[in-house]
Amino acid sequence: QVHVVESGGGLVQAGDYLRLSCTASGRVFSAPEMGWFRQTAGKERECVAAVDRSGIHTYYADSVKGRFTISRDNAKNTVFLQMNSLKPEDTAVYYCAAGAASLYGSMRTNVRNYDYWGQGTQVTVSS
């Protein structure tokens, strides 16, 4: 079992930045893939960014490319999402997820490929 806990959300103005953190505990070696998803009311959960265990292979949604950066510190079992130049449309609940199987390419975007989820952290960007 892997437990995932997010932190770092909040209320900011457009153009500001936030850094989300996600710490995994438990059998973390069994969850090589980590991803950040977001969801707003009435919409499906979408993958914002994802990274493999090495930290080399990443995925970003088109809407956040150039603004968001995902990184991980395996020694601390922590994944970060640096969010710069935030826009009101980035407002959502952000979830961290851990996947038990190695993922490739677009597989990283599928919620069903992640086995462990955090409770979510609210990010609100005012205009």
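Is tyrosine 114 buried or exposed, and what is its relative accessible area? Tyrosine 114 is buried, and the value is 4%. Keep in mind that this is a predicted model. Here are a few notes on the rings around that residue.

1. Start with the ring count. The model has three aromatic pairs. One of them joins phenylalanine 37 and tyrosine 114, edge-to-face, with 5.1 Å centre to centre and 80° between the planes.

2. Now look at where those two sit. Phenylalanine 37 belongs to strand β4 (residues 33-39), while tyrosine 114 is in the loop between β9 (92-99) and β10 (116-117), so their pairing ties together parts that are 77 residues apart in sequence. Phenylalanine 37 is buried, and so is tyrosine 114.

3. Tyrosine 114 has another ring partner, tryptophan 117. That pair is also edge-to-face, at 6.2 Å centre to centre and with 65° between the planes. Taken with the previous pair, this gives a cluster: Phe37, Tyr114 and Trp117 are linked by ring pairs.

4. Tyrosine 114, by contrast, is buried at 4%.

5. Tryptophan 117 has a charged neighbour too. The charged end of arginine 45 sits over the tryptophan 117 ring, 4.9 Å from its centre.

6. One more arginine is worth a look while you have the structure open. Arginine 19 lies over the face of phenylalanine 80, and the distance to the ring centre is 3.9 Å.

Note on methods. Residues numbered from 1 in each chain as written. Predicted model: local features only at pLDDT ≥ 70, side-chain atom pairs only at ≥ 80, totals over all residues. Heavy atoms only, no water. Phe/Tyr/Trp six-rings, centres within 6.5 Å; stacked < 30°, edge-to-face > 60°. Helix = DSSP H or I, 4+ residues; strand = E, 2+ residues; numbered from the N terminus. Buried < 20%, exposed > 50% of the residue type's maximum accessible area, 1.4 Å probe, protein only. Lys NZ or Arg CZ within 6 Å of the ring centre and 35° of its normal.
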